[in-house]
Amino acid sequence: MKRLELFGLLKKDMGYIEDELYRSIDTHEPLIGATSMHLLKAGGKRLRPVFVLLGGKFGTYDLERLKRVAVPLELIHSASLVHDDVIDDAETRRGQLTVKAKWDNRIAMYTGDYIYARALAMVAELPNPDIHRVLSKALVQMSIGEMEQIRDFFNTEQSVRNYLLRIRRKTALLIAVSCQLGAMAADASPAVGSLLYSYGYNVGMAFQIQDDILDLCGTEKQIGKPPGSDMRQGNITLPVIYALQQPELNRLLRDEIELIRAHEDGYSTQKAIELIKASGGLAKAEQLADRYIEKALSSLDLLPDQKVKKTLRDIAHFVTRRTY
């Protein structure tokens with residue numbers, strides 16, 4: 001499924017949101033304008049603004065109001081990626097040079113800060129303080145999740161629970177509040193907002209698990225970075241944790257991860273990926289992602305009947321079937 005197919009009834013409105021994204025970072029400062037534009041033009045699935053608009057369909061749909069949530073949420077996501085690339089020392093993302101690779105770490109960090117600031121300035125135009133509270137709490141949790149990921153770099157003793165809590169904070173919460181804030185900006189009922197939050201949370205958990213699966217079994221062309229990049233950066237993901245739980249593979253896999261840590265060895269990365277595939281860890285991770293999608297669809301079933309429910313259902317199925 002291609003990105004535009006996910007937009008369904010929102011194709012025209014998402015074109016408008018895309019234009020607003022570029023307008024939102026407009027500045028007379030040439031350097032920060034160039035770095036911010038480089039980031040946005042690298043593309044992305046734009047799932048967060050899609051979820052905002054879909055959530056808005058359950059209330060009074062007003063694109064001018066909804067854009068003040070949809071654009072900031074995509075900007076916040078983009079800013080977090082710039083900072084991630086600095087922490088991970090990543091050279092490419094989505095097949096393009098990262099901001100830190102094309103410029104440097106300092107420029108990348110200030111680019112992320114600028115984009116965060118533009119996001120907050122835009123959402124502040126909405127008078128509803130509940131929207132500001134929900135978003136600020138999510139940002140706090142995102143920051144904690146980033147710190148937890150750094151703390152657990154190359155930690156082969158971490159549990160599945162540690163991993164799930166981390167991706168909840170890093171990924172799932174922002175997708176959950178995208179759905180919820182769309183409803184809130186459209187004055188939908190709190191009950192609808194809660195169901196959309198639950199849907200988005202479970203889709204977000206499945207989305208990140210699938211990302212971590214693709215990092216190990218996708219091709220560089222599909223995922224826009226070399227396979228095994230997470231391990232080389234020290235990020236121990238769910239399929240790796242499942243593989244480490246098998247006594248006959250634990251020592252072998254830990255040894256390869258230590259070699260990766262010491263030398264960033266490409267051969268060791270490939271060897272580790274082979275061990276993970278042989279362990280069944282990928283299949284077990286896929287099963288957990290599927291369970292999260294089932295929970296998302298259960299929440300979706302309780303929402304009022306709207307045409308957009310089909311699009312939300314299609315997105316949920318896309319999340320665990322995608323190859324990019």
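The protein chain has 17 helices and 2 strands. Helices (H or I, at least four residues) and strands (E, at least two) are DSSP runs, numbered from the N terminus. The radius of gyration of the protein chain is 20 Å, close to the 20 Å from the globule rule for 324 residues, so the chain is as compact as a globular protein of that length. This radius is taken over C-alpha atoms, and the globule rule is 2.2 Å times the number of residues to the power 0.38.

The model is predicted: local features need pLDDT of at least 70, side-chain atom pairs count only at pLDDT 80 or more, and totals for chains, interfaces and linings use all residues. Residues are numbered from 1 along each chain as its sequence is written, and side-chain values use heavy atoms, with hydrogens and water left out.

Along its principal axes, the C-alpha trace of the protein chain spans about 55 × 50 × 30 Å. Of the 324 residues, 55% are buried (under 20% relative accessible area, with exposed over 50% and partly exposed in between; 1.4 Å probe, protein chains only). Among contacts (heavy atoms within 4.5 Å) with a separation of 6 or more, 74% are between residues 24 or more positions apart.

Axes are lines fitted to C-alpha atoms, for helices over the stretch in contact, and angles run from 0 to 180 degrees between N-to-C directions.

| Helix pair | Axes come within | Crossing angle |
|---|---|---|
| H9 (residues 160-185) and H10 (residues 190-217) | 7 Å | roughly 140 degrees |
| H16 (residues 281-301) and H17 (residues 308-321) | 10 Å | roughly 175 degrees |
| H2 (residues 11-24) and H4 (residues 47-56) | 11 Å | roughly 130 degrees |

Angles under 35 degrees count as roughly parallel, over 145 as roughly antiparallel, 65 to 115 as roughly perpendicular and the rest as oblique.

With axes crossing at roughly 140 degrees, H9 is therefore oblique to H10. H9 passes H10 in a right-handed crossing; a crossing is right-handed if the near helix is turned clockwise from the far one by less than a right angle, and left-handed if anticlockwise. The contact of H9 with H10 has 17 nonpolar, 6 polar and 2 charged residues. Ala, Val, Leu, Ile, Met, Phe, Trp, Tyr, Cys and Pro count as nonpolar, Asp, Glu, Lys and Arg as charged, and the others, Gly among them, as polar.

H16 and H17 are roughly antiparallel to each other. Their contact includes Ala289 and Leu297 of H16 and Leu312 and Ala316 of H17. Its residues divide into 7 nonpolar, 2 polar and 4 charged.

H2 and H4 cross at roughly 130 degrees, which means that H2 is oblique to H4. Their crossing is right-handed. Asp13, Met14 and Ile17 of H2 meet Pro49, Val50 and Leu53 of H4 in this contact, which has 5 nonpolar, no polar and 1 charged residue.
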